[in-house]
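Visitor: I have not looked at this one before. Can you walk me through a few spots?

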Amino acid sequence: MDLSNLKPAAGSVHSRKRVGRGPGSGLGGTSTRGTKGAKSRSGYKKKIGFEGGQMPLQRRVPKFGFKNINRVSYKAINLETIQTLAEAQNLQTVGINELVAAGFISSKHLVKVLGNGEITRALEVQAHAFSKSAEAAIEAAGGKVVKL
């Protein structure tokens, strides 16, 4: 057995059905398309969502809501995450670069620090936004908040 004598399994390969090749083939005439109508013609293509003339689903269902194009979304990082990162790497400053290096965020993300957990050491924390509770907890521990 090598690459030169490989063959597909017996019965797994079928020859193509050649339609429209005269009455002797048994597949002439209408070429298995039935008689008349758009579906029997060449070039037929059904519109996406077309339901045979019935009111399509996307028009039956009511519209609601909108997408705010000015929305700014932040990646949430909790104080407990910052605390464990600072302890593990013995850091005095925790910023975007440290969080990216640790794999918590991508460099594209905007970061908001939230107040879940405790912070026990005086750290300088750099982020794009802070919740009030997170800001208070960092400053209570003797740290510094830097908004980017």
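This is a predicted model: local features need pLDDT of at least 70, side-chain atom pairs count only at pLDDT 80 or more; totals for chains, interfaces and linings use all residues.

Visitor: Is Ser31 buried or exposed?

Guide: Ser31 counts as buried because its relative accessibility is 15%. Buried means under 20% relative accessible area, exposed over 50%, partly exposed in between (1.4 Å probe, protein chains only).

Visitor: What does Ser31 touch?

Guide: Leaving out residues up to four places away in sequence, Ser31 touches Val19 and Gly20; contact means heavy atoms within 4.5 Å. The Ser31 side chain reaches the backbone nitrogen of Gly20 at 3.4 Å.

Visitor: Now Leu3. Where does it lie?

Guide: Leu3 lies in the segment before H1. Helices (H or I, at least four residues) and strands (E, at least two) are DSSP runs, numbered from the N terminus. Leu3 is exposed, with a relative accessible area of 77%.

Visitor: Which residues of H2 are buried?

Guide: In H2, residues 79-89, the buried ones are Leu79, Thr81, Ile82, Gln83, Leu85 and Ala86.

Visitor: And what do those pack against?

Guide: The buried residues of H2 pack against several elements, including strand S1 (75-78), helix H3 (96-102) and helix H4 (132-140).

Visitor: What follows H2?

Guide: Asn90 does, and its phi is positive, near 55 degrees.

Terms used: Residues are numbered from 1 along each chain as its sequence is written. Side-chain values use heavy atoms; hydrogens and water are left out. A polar contact is a pair of N or O atoms within 3.5 Å; within protein, one must be able to donate a hydrogen and the other to accept it, and residues adjacent in sequence count only if both atoms are side-chain atoms.
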